[in-house]
Amino acid sequence: MATGLRKRIFPLHLTFIEKFLLAEDRPKYPMTFVIDLTFSGILDREAFEVALAQAVVRHPLLASFIRPAKRGQLCWVSSNGQLPMVDWAEEGVPIVFEKGEWIDIRNEIGLRIWIRQGADRVQVTTQFQHTCCDGIGAYRFLGDLMAIYGQQTAAENEPSPTMTDVDTARLRGRTDGCRYLEGTKQNSRQAHESLKLLGKIMARGCHPLAPPKPPGRTTDFPGYCSYTFPREEFERLREAAKSIGSMLNDLLLLECFHAMQQWNSTRRRRLFGQTYRILMPVDLRDTRDYETPACNIVGYSFVRRKTSDLRDTRLLASGIREETARIKHDRLGERFVDMISVGARVRGLLPFISSLPRTWATATLTNVGDPSRRFLAKFKRKGGCIVAGNLTLERIGGFPPMRPKTRAGVSIVSYRKELTIGLRCDPHLYTLDDTQTMLDLYVERLRRHLQ
């Protein structure tokens, strides 16, 4: 069995992006995200607990705290063997918090797990503290967890998952693939560009989604809705995107703008001059990061459009296509990290930026593609589904973190050649029915392209 190379890495200084995510973390709006895994089969509890203990050794930030250490600065420190919380119950038992959704990373490790077992179906819900890792890091951990579990529960005549090594020492260089300001000869120019980006985000702002009337509240966790396009419709959506000269992700962005505008138009009298902005996480990993355990190697990009820009779909599609191409090829997500690195040099600036009342984004949209391609482990498949010992992974869902006034988080996942959209609206304002209405609106707009 491949394992992580155990080396002494703690205490470990926070990176700029980790400092930003920590500043963004609030008890009411925790900087956490959820990944749901639905399996067919009966989960072996003993094998799962063994697999969890081994998986967190490979990904130590998921079993760590943030506390003052080196020179009194905040650092990652070891929890001395503490394991993530696992709540076991039968299918249908709701998830209940003693102290709310917030994970206090200073006193609690950044991963919680709930397991709900049915007759031949098990739901594994995981909540990650974003300061510990981004979505890709989370999927690397989950892939390892499933692989170790599969190795223990695979039948004698069945192939078991195979794994590759991770190097925990790589956590010290987890930002090597990003062009940070330190030590470069372009500090002045990059700092100027970073401050310009900060000015655009702070000064220009955008409009939030209109709250329902009267405002409601989602009580059950995880409190999100999802819709899955089957294989044939997934392919037709791809073809529809090509027909307007776009990639599928561009089409998903385009209709997200239209859905937000349509939602607000039915709940506001005046829409003239409104602006919408979508925040998209950008993976900044390169080949050096293949053996890096779960962590944050991520930047952010923003796509902004006015109401008047949404009138011509072809022109909108062309503009989005050009913008997303620049984000990908010019690694524009690094500009956000550069901005954060400038802000982190001024004591108290990051908390001040996070506390500003401006709406950073109307919605967050994260498209991870096929999460199984992010796994470091290799699995047998059955009907396109991953087989992990006595379990078969049938579905993947979830939603991204949510900050104040960014009232919708959209997660796009393609798995077993199907496309699943997960949506969570602000649980302090929207009921689950409101969220379902918003999702139906988005899906209906996408379904028009199937014709």
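In which sense, parallel or antiparallel, do strand 5 and strand 6 pair, and over how many bridges? The points below take up this pairing and its surroundings before turning to other parts of the chain.

1. This is a predicted model, in which local features need pLDDT of at least 70 and side-chain atom pairs count only at pLDDT 80 or more, while totals for chains, interfaces and linings use all residues. Residues are numbered from 1 along each chain as its sequence is written, and side-chain values use heavy atoms, with hydrogens and water left out.

2. Strand 5 and strand 6 (residues 111-117) pair in the parallel sense over six bridges, where helices (H or I, at least four residues) and strands (E, at least two) are DSSP runs numbered from the N terminus, and two strands pair if DSSP finds at least two bridges between them. Within this pairing, Ala 89 stands opposite Arg 116 of strand 6. Helix 2 (residues 45-58) packs on the sheet and touches strand 5 and strand 6, contact meaning heavy atoms within 4.5 Å. The direction of helix 2 makes about 160° with that of strand 5; axes are lines fitted to C-alpha atoms, for helices over the stretch in contact, and angles run from 0 to 180 degrees between N-to-C directions.

3. The sheet that holds this pair is open and has seven strands in the order 5-6-7-2-14-13-12, with mixed pairing. Strand 5 (85-90) and strand 12 stand at its edges, and because each has a single partner strand, one side of each is left without a neighbour in the sheet. On average, neighbouring strands of this sheet are turned by 30° against each other, direction ignored.

4. Helix 3 lies across strand 2 (32-40), strand 6, strand 7 (121-129), strand 13 (385-388) and strand 14 (391-399), and runs at about 30° to strand 2. Gln 152 belongs to helix 3 (residues 135-153) and, at 36% relative accessibility, counts as partly exposed; on this scale buried means under 20% relative accessible area, exposed over 50%, and partly exposed in between (1.4 Å probe, protein chains only). Leaving aside neighbours within four places in sequence, Gln 152 is in contact with Ala 47, Val 50 and Ala 51. Gln 152 and Asp 44 are 108 residues apart in sequence, yet their C-alpha atoms are 9.6 Å apart in space.

5. A further open sheet has six strands in the order 8-16-15-11-9-10, again with mixed pairing. Its edges are strand 8 (225-229) and strand 10 (298-306), each with a single partner strand, so one side of each lacks a neighbour in the sheet. Strand 9 (residues 275-283) pairs with strand 10 in the antiparallel sense over nine bridges, and the bridge partner of Asp 283 in strand 10 is Val 298. Strand 15 (residues 408-415) and strand 16 (residues 418-425) are likewise antiparallel, over eight bridges, with Ser 411 bridged to Gly 422 in strand 16.

6. Two packed helices are described by the angle between their axes and the distance between the axes. The axes of helix 6 (residues 248-265) and helix 7 (residues 313-329) come within 9 Å and cross at roughly 125°. The two helices are therefore oblique to each other, given that angles under 35 degrees count as roughly parallel, over 145 as roughly antiparallel, 65 to 115 as roughly perpendicular and the rest as oblique. Residues that meet there include Leu 253 and Phe 257 in helix 6 and Leu 316 and Ile 320 in helix 7.

7. Ser 372 sits in the loop between strand 11 (363-369) and strand 12 (380-382) and, at 8% relative accessibility, counts as buried. Leaving aside neighbours within four places in sequence, Ser 372 is in contact with Arg 381, Ile 386 and Tyr 415.

8. Some backbone details deserve a look. Cis peptide bonds join Phe 10 to Pro 11, with omega about -5°, and Phe 221 to Pro 222, with omega near 10°. Arg 71, although not a glycine, has a positive phi of about 55°; this residue lies in the loop between strand 3 (64-68) and strand 4 (74-78) and counts as exposed at 82% relative accessibility.
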